[in-house]
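Please look over the sequence and the three-dimensional view before reading on.

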Amino acid sequence: MLPAAALAAGGQVFFEDTVPAGKSSYVRFSTHRAASFRVVLRVPTQGRGQLFLLGKHAPKGGPLIDTKTFACEGAAGSFYCKASYEPLPKGTYAWRIRWLGKQPAHVELTVRW
């Protein structure tokens, strides 16, 4: 489940994709020990991006990042959203980027642990 481009090295994954309007894109990977995730999400400012974490031990509820309500930095037509999360047990996690915009969007996600 690594479309477009996803690079993994050590405790870092870089993912980029073009997400159609109203659709989602996913990247999934496993950790071999407990992990405190640090993420940077980049999406266009013309629309709304949401980031979800899915998995057996993932937090329940809505999006971890929602560009409509999250404190993101905007520059040159892009939102840069940074966040950190408490340690989660080892396991397989899927990061879902949902794009709610009228046009397709180029999105980037960097996850470090």
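How many disulfides does the structure hold? The structure, which is a predicted model, holds one disulfide. It joins Cys72 to Cys81, with 2.0 Å from S to S, and such a link is a covalent bond between the sulfur atoms of two cysteines. The link of Cys72 and Cys81 is right-handed, with 100° about the S-S bond, and both Cys72 and Cys81 are buried.

Turning to confidence, the protein has a mean pLDDT of 91, and 91% of its residues reach 70 or more. Among the elements, the lowest mean pLDDT, 57, belongs to strand E1 (residues 5–9), whereas the highest, 98, belongs to strand E6 (residues 65–66), and a careful reader will keep the value of 57 for strand E1 in mind.

As for the fold, the secondary structure comes to ten strands and zero helices. The C-alpha atoms fill a box of roughly 40 × 25 × 25 Å along the principal axes. A compact globule with 113 residues would have a radius of gyration near 13 Å, and because the protein has 13 Å, the two agree. Of the 113 residues, 41% count as buried, while the protein exposes about 6300 Å², of which carbon and sulfur atoms supply 53%. Among the contacts with a separation of 6 or more, 74% come from residues 24 or more positions apart.

The structure also holds five aromatic pairs, and two of them, which involve Phe37, are set out here.

| Pair | Centre to centre | Angle between planes | Arrangement |
|---|---|---|---|
| Phe37 and Trp95 | 5.4 Å | 85° | edge-to-face |
| Phe37 and Trp113 | 6.1 Å | 70° | edge-to-face |

Trp113 lies in the segment after strand E10 (105–112), so its pair with Phe37 ties together parts that are 76 residues apart in sequence.

Is Trp113 buried or partly exposed? Trp113 has 25% relative accessibility and therefore counts as partly exposed, whereas Phe37, at 0%, counts as buried, and Trp95 is buried as well. Finally, ring pairs link Phe29, Phe37, Tyr93, Trp95 and Trp113 into a cluster.

Terms used. Residues are numbered from 1 along each chain as its sequence is written. This is a predicted model: local features need pLDDT of at least 70, side-chain atom pairs count only at pLDDT 80 or more; totals for chains, interfaces and linings use all residues. Side-chain values use heavy atoms; hydrogens and water are left out. pLDDT is the predictor's confidence in each residue, from 0 to 100. Helices (H or I, at least four residues) and strands (E, at least two) are DSSP runs, numbered from the N terminus. A disulfide is a pair of cysteine sulfur atoms within 2.5 Å. Buried means under 20% relative accessible area, exposed over 50%, partly exposed in between (1.4 Å probe, protein chains only). The radius of gyration is taken over C-alpha atoms; the globule rule is 2.2 Å times the number of residues to the power 0.38. Contact means heavy atoms within 4.5 Å. Accessible areas come from the Shrake-Rupley method with a 1.4 Å probe; for residues, only the protein chains shown count as cover. Rings of Phe, Tyr and Trp (its six-membered ring) pair if their centres lie within 6.5 Å; planes under 30 degrees apart count as stacked, over 60 as edge-to-face and the rest as tilted.
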